[in-house]
Amino acid sequence: MKTKQELVEMAKSGDAHAFAQLYQDIYKDLYHFAYCMMKDEHRAEDVVSESVLNAFENLHKLRNADAFRSWIFQITANECKKQFRLLSKINPVPDEELPIPESTLDFTDKVIAKEAFSRLNQEEKFIVGLSVFGGYSGKEIAHFLRKKESTVRSLKSRALDKMKQFLEVKSHD
């Protein structure tokens with residue numbers, strides 16, 4: 001079995017099957033992130049499709065094979081921002097809930113977690129989404145958002161506190 005780094009190098013050399021395997025391994029996380037941001041399953045699928053196509057066409061620009069995951073999430077985040085700009089010109093994006101990845105949570109816990117996430121503003125959702133689904137560090141998110149790392153840490157902390165407070169209230173209901 002090939003390592004991710006080997007698959008990236010093979011894909012950079014034009015091996016479409018290697019890229020397909022990389023895509024298969026990351027699709028679910030990319031989709032959850034895009035859905036979290038776009039709040040619409042069709043738009044999320046479009047964002048992921050555009051992002052993956054863009055990644056495949058520009059894979060030769062990736063310098064470090066170990067950075068593939070962050071790199072493709074950056075492309076997806078950029079595509080989400082592009083779509084937001086286009087959508088904001090047409091009409092506001094409806095405020096739907098985040099899909100929670102399959103886990104050991106029962107149905108009620110999932111609904112409550114989604115509700116807690118939906119209470120965050122767009123910037124907070126973006127930061128938490130990049131952190132949770134993308135695995136980005138505060139420094140990487142700060143660079144992407146062109147903010148100070150301390151600002152991103154503060155925004156993320158406040159967002160998580162908001163969610164925690166909501167969850168604590170719901171747990172006492």
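**Exercise 1.** Determine whether Tyr 31 is buried or exposed in this predicted model.

*Solution.* The relative accessible area of Tyr 31 is 16%. Buried means under 20%, so Tyr 31 is buried. For Tyr 27 the relative accessible area is 29%, and Tyr 27 is therefore partly exposed.

**Exercise 2.** Classify the aromatic pair formed by Tyr 27 and Tyr 31.

*Solution.* First, the location: both residues lie in helix α2 (residues 16-38). They are 4 residues apart, about one turn of the helix. Next, the geometry: a pair of aromatic rings is described by the distance of the centres and the angle of the planes. There are 8 aromatic pairs by this rule. For Tyr 27 and Tyr 31 the values are 6.0 Å centre to centre and 25° between the planes. Planes under 30 degrees apart count as stacked, so this pair is stacked.

**Exercise 3.** Classify the pair formed by Phe 68 and Trp 71, and state which cluster contains these residues.

*Solution.* The centres are 6.1 Å apart, with 40° between the planes, and the pair is tilted. Phe 68 and Trp 71 are 3 residues apart in helix α4 (residues 68-90), so about one helical turn separates them. Both Phe 68 and Trp 71 are buried.

Methods: Residues are numbered from 1 along each chain as its sequence is written. This is a predicted model: local features need pLDDT of at least 70, side-chain atom pairs count only at pLDDT 80 or more; totals for chains, interfaces and linings use all residues. Side-chain values use heavy atoms; hydrogens and water are left out. Rings of Phe, Tyr and Trp (its six-membered ring) pair if their centres lie within 6.5 Å; planes under 30 degrees apart count as stacked, over 60 as edge-to-face and the rest as tilted. Helices (H or I, at least four residues) and strands (E, at least two) are DSSP runs, numbered from the N terminus. Buried means under 20% relative accessible area, exposed over 50%, partly exposed in between (1.4 Å probe, protein chains only).
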